[in-house]
Amino acid sequence: MVTLDEVLGSGLLQKPSGDDAPEALQRQITNYKPLQTFKLEKTRPYQQQYADIYFLRLTKIRPAVEAAASAAWEGTMLGGEKVKRVERVLDVRQGELCWVAGTVYMDMPLKPSILEDVSKDRWISAPTSVGHYYSGNGDDSIMLEDDSGRIRLVGNALQNHFMVTGCIVAVMGTENANGEFEVIDLLFAELPPQPERWSVSKGKKGQEQQEDVEMMDASFSGNPSKPPSKKIALVSGLEFSNADTSYAMELNLLLEYLLGEALDPSIQHNEISHITRLIIAGNSISTTTAEHAKPAPAYDTTTPVNKFQPQHKKYGYDSSSYNPVPSQLFDNFLSELLPTMPVTLLPGALDPANASYPQQPIHSAMFPQSRTYMSAPKVGADKDAVDEEPGWFDNVTNPWEGEIEGWRVLGTGGQNLDDVFKYVESEDRLGMMEAMCRWRCVAPTAPDTLWAYPFQEDEPFVIKECPHLFFVGCQPEFGTKVIHGSDGQAVRLIAVPSFSETREVVLVDTETLDVERVRIVAE
Amino acid sequence: MEDYKTYLAENVLSEDKVVTYRLLSRALRVHPNVAKQMLYDFYKSQNTKKPGSVFATYLLYGIKKSVQHQNGNAMDIDLPSSLPDADPVDNDDVPSYTLALIQEDRLADVLKDYETIASIHVYSVGPHPAKDLTLLVDAAQSALAIKDDAKKPRPRTIVNSHVRRRERKGVGLKVAAAAVPVKQEPKTKAAPTKTAPAKPTPAPALAAPKPKEESKSATPATEPEAPAAATKKNAPPLKRNASAASGIMQAFSKAASLPKKAKPSEKSTPATEDTPVLSDDGEDDDDVPLPRPGAASQRKSRKQREEELRRMMEEDEDEEMEEEADSPAPEEEEEEPVVEEPPVKAEAAKEEEKEIVTTSGDGRRRGKRRVMKKKQIMDDQGYLVTIQEPAWESFSEDEAPPASKPKPKVASSAPPAAAGKAKKPAPKGQGNIMSFFSKK
């Protein structure tokens, strides 16, 4: 309870004292090291088949799943029968108690199917508009497959877990008379081994910390007690738009908040100046226009004819259909913020980047003002050289992996979670994030329902090293929790809400990975 | 220090504007925190003079009671469905701050909802209650519009000494240099009217970048590719003119083309010139026989040479000719009236002819002409190979109808067709490059 009298006449609610302007505060910095896990070659072929992704994923995750399974089920007796291990799905014999590992495939009538598209001669695929693939009427079936064959999974044990296409599981049970596999128990790969803190930038650590200490000494000379720890700000779904200005004021306040111009000196000193980095997790630009505020008709798959008869379709570039205002607003926002704060930018579903996972960085041409803070484009001979210093304004891939202040961070723009969400009945998005970590796959539904690049050599979606912080952007609401693994891994999961929906910013402490949220209200 | 009062009185009272602390801070170059106090002072003093004359909005930052609890509960409901070993405490623990923009009349009510207020200050002062947030948005935008100036940098609350900007290395120079021709395009378009039409005024375009290079920072970084293409575009015509047309030729073409081109639109002329050059760029600039107006005697020997060349390049040129025919270069104009060679459209003419007229009188001509004949042979590996080889074929006008009736069949009625076609473009000032190779 706060009353008006308490606050009046104090702090900033008084006459200017006439003293000299206060000294500018120095913003703290954190060590930042992006990893190029999801970077694609500039010249990449698209001719190859998608099957390799599944093969690579199975090859990479199966050993872990099998290790977990044999640890759990080795020597288990069930009804007087010993559980046997079976190498391949095809080797499952009817009536024998066994366990086998493979890839889950969900057969769902509502799920878009490439075979159906081909058979109906639809060659232009549009993003699906279906909210859920899950039908709930029992038409969905779960398959387990590997390179030998496929078997249908049944049983109540399946109800306790999220199941989506592409996750690797081990199942224990028997094949029944219908040729279905009755699942008694089911296991995932669980969390991958977690690297030590500072594992990537180990060499730099000493020096950087030295610097930090010096800086802290400088800025906290008046306050020798334990300094407040540093933070990073996470935001997503800024959706700069020129059609919908309902949250334009909130965006302004967000900028003023992050710049530290708002609020009073003590907050600026103790909180804002410790926000060391802003991570924008997708959907920075809104593509909806004033004319059709609803989703663009191209997304409507039910009436594919619509696409072919737009009213005034021009061949090639149609300058009248392009609206530069949202990206200009976003660029202004960034160029205001960048002088005091480094920014990491992940593309999202609405952003001008490629649509398929992993999304590559938004082109610097979108940021005529802020791109001077980016790292220089690589040309000629040093094209392949690894950048020793990331850009101050780092536009990165989605998903993105990096190390911030020693913590391994994995983040996405949200498409992966949104797609997993469509498979299951639950609304528990944090649970799905957890499941992704336990599946060791950040985008299991790629390439089935989540568009993806046809990888040949490597399957980067497999989580090889467990992150300390896993965030997913553009979610309907905020959520966070910490999950623990059997080897002492601990992962902080954060569902970053869309700013355009919730007007919320998430702050993460870089020492404890504790989370705070700041809601911005303009009324 | 007191000038803020006059500034605020001017803007808020006289001009009916909303002034935010940021706008004040940037306009007067004072620290934002001081600007907040100024706003408060102004608001206070104005309202003691005359209550209700100005209205303020406040910015609050603190922990709200209700929100915290509601959210905590909501999360609790969600949590049970998640996997068992989640920390159940987590969501409750998340401190939730609220940054709120409140109008003064609601301030007292809103404050009751807060557990603690970490900060409160005046956000803006305006002549009316701020019913519409767009006014504030506009004020915020106008604050952004006030740029830093070097002499009196605006005070910042938080600075970052580690900020890095991109350094322009080698690329930057090129970019700066290349960026200029793009900007100058309107100028280069206008310039050719004064000089020869084929000259895209290379001198200013190349000279201009130099001062720009020195003031690198002023030039916005531009994509290297686009300007590079632009310079390329400009370069070839320059090269061609310099090398191909010697002084006398240049003079001639200038003299010839200027009067002849009755009044070509000044903008389109260089443009049409540029397009063929661009399309030819890099592959066949050398192959294109340069039409060189000159004395008639010279022309003949040259024509023979060209014919030699052409024979070698039959295939390639078929395609080129087509392109050229669509957008002929103006230099050829002066030859038009005397030509009679058929414009052999490649797609129609599988065979392409060249003729040597032995007799030419009263509309009848006899002679031989060169024809490309297709031959299909089986090579030693058993593949069928189609080759074209030139062959001579004698012809006589007898077989053909009078020259005035052009026929679609090119093979038999080529010369008449040529005559018909060649005459047509002449008045227009459009030439066909094929005409160049013909015999008189």
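Predicted model: local features only at pLDDT ≥ 70, side-chain atom pairs only at ≥ 80, totals over all residues.
Visitor: What kind of crossing does H2(B) make as it passes H7(B)?
Guide: H2(B) passes H7(B) in a left-handed crossing (the near helix is turned anticlockwise from the far one by less than a right angle). Helices (H or I, at least four residues) and strands (E, at least two) are DSSP runs, numbered from the N terminus.

Visitor: Which residues make the contact?
Guide: H2(B) contributes B:Arg22, B:Leu23 and B:Arg26, while B:Ala139, B:Ala140, B:Ser142 and B:Ala143 come from H7(B); contact means C-beta atoms, placed from the backbone, within 7 Å.

Visitor: What is the mean pLDDT of chain A?
Guide: The mean is 83, and 83% of the residues of chain A reach 70 or more. Residues 205–225 of chain A have pLDDT below 50, and this stretch has nine contacts beyond near neighbours in sequence.

Visitor: Now to E15 of chain A: how many of its residues are buried?
Guide: Five of the five residues of E15, which spans residues 400–404, are buried (20 or more other C-beta atoms, placed from the backbone, within 10 Å). A:Trp400, A:Gly402 and A:Ile404 point one way, and A:Glu401 and A:Glu403 the other.

Visitor: Which strands pair with it?
Guide: Strand E2 (residues 32–35) pairs with E15(A) in the antiparallel sense over four bridges, and A:Tyr32 stands opposite A:Ile404. E16 (residues 407–412) is also antiparallel to E15(A), over five bridges, and there A:Val409 faces A:Gly402. Pairing requires at least two DSSP bridges.

Visitor: What about the turn between E15 and E16?
Guide: Two residues lie between the strands of this hairpin, and A:Glu405 takes a positive phi near 50 degrees there. A:Glu405 is not a glycine, and it counts as buried, with 28 C-beta neighbours inside 10 Å.

Visitor: Where is A:Leu263 found, and what is its phi?
Guide: A:Leu263 is in the loop between helix H5 (248–259) and helix H6 (265–270) of chain A. Its phi is positive, about 70 degrees, although it is not a glycine. A:Leu263 is buried, with 27 other C-beta atoms within 10 Å.

Conventions. Residues numbered from 1 in each chain as written. Chains lettered and ligands numbered in written order. pLDDT = per-residue confidence, 0-100. Contact = placed C-beta atoms within 7 Å. Buried ≥ 20, exposed ≤ 12 C-beta atoms within 10 Å, placed from the backbone.
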